[in-house]
Amino acid sequence: MTLSADTAFRQDQVSWWRCFLAVALALLALVVGAADISESGGWSETINASDLIAGAGSDFHSPITSSAYQAALSISDTGGAAWTIGVRRTSSSLPTGVAVAVRRTTSGSGDGSVSGGESFLTVGGTEQILCSGTGDRSGIGLQLRLTGASVEHGSGSFSATLTYRVY
Amino acid sequence: MNAQNMMKIGVLAAAMGMVSSGAFAATTAQQDVGLTVSQIDEIAAGGETVTLVVDTATAGEQPAAADDTTDESTLAITTNAASGSARGLTAQLDEAMETGATLTITVPDATGNGSGGTYDFVEATGTTAQAVGSGFYAIAETLTVDYDFEATVAAPAGDYSKQVTYTLTGIE
């Protein structure tokens, strides 16, 4: 009776360790396989009367575009593996009709490579692929663009948050 | 649950926590995009000179009024004022009209938000600004302003020249 109970206890322990190891290995795989992404440089634009297309009687010119290298993304800890960058708008107080878009303007530097994303991509609430590549890259240049700003939207401060994800 | 199991669960929970919090890697990065729109109230009158000539009359009647049907002028307005703080529009002469002379300025309604108006400038008006429109907000339009000129026989013959200044009002 005592021997049987002890065996059951050991079997329970072995099952527990197996389960633990499986989960731990899965987590380890996730950690090892996860590249790191970082972003530097936001964009804040002020528009006033000098941004009217033709002075009084006209509306704001559109699009409003940032400098070609307004912000940069860096991808690290890739172990040389392939990666993809997705982007979506996670919050926004921009007036209805104002859209924000982003495109890749430089490939940055590093051992890997980058492709795609050279045309403006209008960023919405659903994640879209911006670009992809391999290996570690730093200083991938980004340019941002706003379209649709109008005097109909009134004055004030508006903002949006773009979230980039590497996978 | 014994101490060993509790320890395993603790280790597992810690590992999961590290992954979820990005302790090993940040798979997302955020970027802020800001847009500040300044208050805008721009107005510009067409640079052209409107010429109105009163030179005909029927015997026994006052001279016929002159209408600028071929020399209308434009008034361009851009404002991003909110509806609650809509702008008014005034017109003001640089000097009073002569005795017996009347200059009528008519500003049409805007296609968007804003109502035009009419005012008869006479000698008594002097150089006081007069309302010729109201309720302008969130628009970018060019309006065609109509000018009419009347001169009774009391008005001295001659050439009169007036400069009209338009102003958006209600700007804080």
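Predicted model: local features only at pLDDT ≥ 70, side-chain atom pairs only at ≥ 80, totals over all residues.
**View 1**
Chain A contains 1 helix and 11 strands, and, read from the N terminus, its elements follow the order α-β-β-β-β-β-β-β-β-β-β-β. Of the 167 residues in chain A, 26% are buried. When contacts in chain A between residues at least 6 apart in sequence are considered, 77% of them join residues at least 24 apart. The average pLDDT of chain A is 88, and 80% of the residues score at least 70. The stretch of residues 25-32 of chain A should be read with care, as its pLDDT is below 50, and beyond near neighbours in sequence this stretch has 7 contacts in the model.

**View 1. The side of chain B that touches chain A.**
Here 37 residues of chain B are in contact with 52 residues of chain A. On the side of chain B that touches chain A, at least two residues each are supplied by α1 (3-20), β1 (28-37), β2 (41-45), β4 (73-79) and β10 (139-151) of chain B. The largest share, 10 residues, comes from β1(B). Sorted by class, this side of chain B has 20 nonpolar, 13 polar and 4 charged residues.

**View 2. Strand β4 of chain A and its two faces.**
In a regular strand, the side chains alternate between the two faces of the sheet. Strand β4 (residues 71-76) of chain A has a covered face with Ala71(A), Leu73(A) and Ile75(A), whereas Ala72(A), Ser74(A) and Ser76(A) belong to the uncovered one. Strand β1 (residues 36-40) of chain A pairs with β4(A) in the antiparallel sense over 5 bridges, and Asp36(A) has Ser76(A) as its bridge partner. Strand β10 (residues 137-147) of chain A also runs antiparallel to β4(A), with 4 bridges between them, and here the bridge partner of Ala71(A) is Leu142(A).

**View 3. Leu73(A) in the largest nonpolar core.**
In soluble globular proteins, nonpolar side chains tend to be buried together. The largest nonpolar core of this model has 62 residues, among which Leu73(A) and Ile105(B) touch the most other members. The element that gives the most to this core is β10(B), with 7 residues. Leaving out residues up to four places away in sequence, Leu73(A) touches Ile37(A), Glu39(A), Ile85(A), Ile140(A), Leu142(A), Tyr164(A) and, from chain B, Ala29(B).

**View 4. Ile40(B), a buried residue in a loop.**
Ile40(B) is found in the loop between β1 and β2 of chain B. With 22 other C-beta atoms within 10 Å, Ile40(B) is counted as buried, because 20 or more are required for that class. Ile40(B) and Asn80(B) are 40 residues apart along the chain, and their C-alpha atoms are separated by 5.6 Å. Apart from neighbours within four places in sequence, Ile40(B) is in contact with Thr78(B), Thr79(B) and Asn80(B), and also with Asn48(A), Ala49(A) and Val151(A).

**View 5. An open sheet of chain B.**
This open sheet of chain B has 4 strands in the order β7-β9-β5-β11, with antiparallel pairing. At the edges stand β7 (115-116) and β11 (164-169) of chain B, and each has a single partner strand, so one side of each is left without a neighbour in the sheet. Ser115(B) stands opposite Ser134(B) in β9(B).

Methods
Residues numbered from 1 in each chain as written. Chains lettered and ligands numbered in written order. Contact = placed C-beta atoms within 7 Å. Nonpolar A, V, L, I, M, F, W, Y, C, P; charged D, E, K, R; others polar. Buried ≥ 20, exposed ≤ 12 C-beta atoms within 10 Å, placed from the backbone. Pairing = 2+ DSSP bridges. Core = buried A, V, L, I, M, F, W, Y, C linked by C-beta atoms within 7 Å. pLDDT = per-residue confidence, 0-100.
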